[in-house]
Amino acid sequence: MTTRTETILGRYLPEGGRVLCAVSGGRDSMCLLHYLAERGDLSVTAAHFDHHLRPTSGRDAAFVRDWCRERGIPFLLGEGDVAALAAEEGLSTEEAARKARYAFLERAAREGGFAAVCTAHHARDNAETILLNLIRGTGSAGLRGMREARPLGTGPDAPVLLRPFLRWGPEELARYAEDHAIPHVEDESNGSDGPARNRLRHQVLPVLESINPQAVGNILRAAETLRREDEALGALARELLAKNVSEADGELSLDARVLREVPEAVGERAALLLLERAAGRRQDLGAAHAAAILRLPEGGEADLPYGLAARKRDGILTLCHRKAPLPREALPLDRPLRWGEWLLTLRDHPEGEGLILRAGDEPVFIAPLTGAERLTLPGQHGGSRTVKRLCRDRGIDPIRRQRLPGVFLGAELAAVWPLGTDEAFLPTGGECRFLSIEVTLG
C-alpha cells in the first residue's frame, strides 16, 4: 500500500511542493496528515471544514487545530451553513455538505497556490461509491469509482485532487494509526443509518462480505476493468469527433449518421463528449442528455442544460445556444443579479469566487462579449490579447465564450470571468470592489 501511495505522490508531485490536506479529525484523515507531514519533500497545510451540522463540530475543528499547532503544521478553517445550502438548492444534506466542502478546498488551494489537495478516501470508501453509483443508475464512468487523481475545478490552473490512500483498506489504516500513536475524534453521525452511504456501509457491505470475504477487492477489480474499457471507448469517441465535427459561428455540427453508424456505446460516448465540448463542462451532463441528441428526429429540436439546444436539419446535427444574446445590465452594490447561468453580486470586499476590481464611483456593467475585446492580464507577456485568443488558450469553446460575463467600468472592459481582471483595473491600495460569481444551470 505504501508503494502505491508513493507512486501516486511521485507521479503528480515529482518535485514535492505545497499540498493541502483535507482533515476531518477522523482516523483516516489524521493518518493521511501524519503521512504527508512525515515526508521531507512536501510542505503540508491542514484544511478543516466545519459543516455546522452537529453540536460537536466545533470540537473537531479545535482538535485538528491543536494537533497541528503542536507540530508546527499550518491550519486553515472553513465553515458554512450546509443546512441552508441544502434547502436553497434542493440538495440532500450529504450532497450539500460535499459541495460546500469541496468549494472551500478548491478556493483555498487556488488562493494559497497549492499544487494539490489530498483526501483520505480508501478502498472501502471506493467500493461504497461504486455500489451507490450502481443503484442510482450510473453508466460505466460511475462504475469506475473514484480516481486516484482528478482536477479540482476547471481551467488550466485547477489544482489536482489526489487520493493517496485509495488502495489502503481500513485495516491498514488502523494499524498505521496504532503504530504511530495517531489520535482522532469520532463523528457520532457515522453511527447513524440515516445517510444512504451509512446504510450501505453498515448493512449492505457486511452481507456481501458474508457471501464472499473478498467482496470489496472484487468490486474494485471489476472497477479497474471498467476503467480500462471506459478509456478505450473514450478514445474511440474522441477520434470520431475529431474527424467529423465542424465549428462555425459558435455552433458545433456533424452528420448525424456518424453517431448511428458506430457501435452504440461509442455513439453514446461521442454524443456526451460533444455536449461537454459545447457546454464547456462535464458536471450535470449524463446519459439522458446524450440520448436526447441521438434520438432527435429530422427537423426536431431539444433543450439541453446550460442554455444549449440541439437541432437536426437535412441530417446535420447542430449544438448551439438557444438563448438570445444576454443584455447589458448595471450592477448595483450588494444586489444579486442573475445573468444567464451566472449569479453576480458586486461587493465592497472579497467574498467567495470572483473578480477583484479597483475602488471607484464609475458604474459597473455586465455585458456579453464578441471576442474582439482586449485584456492585459497580470503576468501576461506581449501586451494585450483578444478575449477570443485568451479563451482559446484556456480551452474555452466559442459557444461557451459567448455566455461569459464581461465586466465593464463605464464603457471600458475591465475583466472577464474566468479570465481575470485587466491590470489597469486592479486595486492600487487597500480598498477595492469585488464581483462575486456563482454558476447555476441555465
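**Surface.** I looked up the accessible area of this predicted model. The protein exposes about 21900 Å², and carbon and sulfur atoms supply 51% of that area. I then checked burial: 47% of the 442 residues count as buried, with the cut-off set at under 20% relative accessible area.

**Charges.** I counted 58 positive and 64 negative charges in the protein. Their mean positions lie 4 Å apart.

**Overall form.** I listed the secondary structure and found 15 helices and 22 strands. The radius of gyration is 24 Å, close to the 22 Å from the globule rule for 442 residues, so the protein is as compact as a globular protein of that length. I also took the extent of the C-alpha trace, which spans about 65 × 60 × 45 Å along the principal axes of the protein.

**Contacts.** I looked at contacts between residues at least 6 apart in sequence. Of these, 67% join residues at least 24 apart.

I traced an open sheet of five strands, in the order β12-β16-β19-β20-β21, with antiparallel pairing. Its edge strands are β12 (329-330) and β21 (420-421), and each of them pairs on one side only. In general, strands of a sheet pair through backbone hydrogen bonds, either parallel or antiparallel.

I followed β12 to its partner β16, which covers residues 364-367. Two bridges join these strands, and the two run antiparallel. What stands opposite E329 in β16? I found I366 at that place.

Terms used
Residues are numbered from 1 along each chain as its sequence is written. This is a predicted model: local features need pLDDT of at least 70, side-chain atom pairs count only at pLDDT 80 or more; totals for chains, interfaces and linings use all residues. Side-chain values use heavy atoms; hydrogens and water are left out. Two strands pair if DSSP finds at least two bridges between them. Helices (H or I, at least four residues) and strands (E, at least two) are DSSP runs, numbered from the N terminus. The radius of gyration is taken over C-alpha atoms; the globule rule is 2.2 Å times the number of residues to the power 0.38. Buried means under 20% relative accessible area, exposed over 50%, partly exposed in between (1.4 Å probe, protein chains only). Contact means heavy atoms within 4.5 Å. Accessible areas come from the Shrake-Rupley method with a 1.4 Å probe; for residues, only the protein chains shown count as cover. Lys and Arg count as positive and Asp and Glu as negative; His and the chain ends are not counted. The place of a charge is taken as NZ of Lys, CZ of Arg, CG of Asp or CD of Glu.
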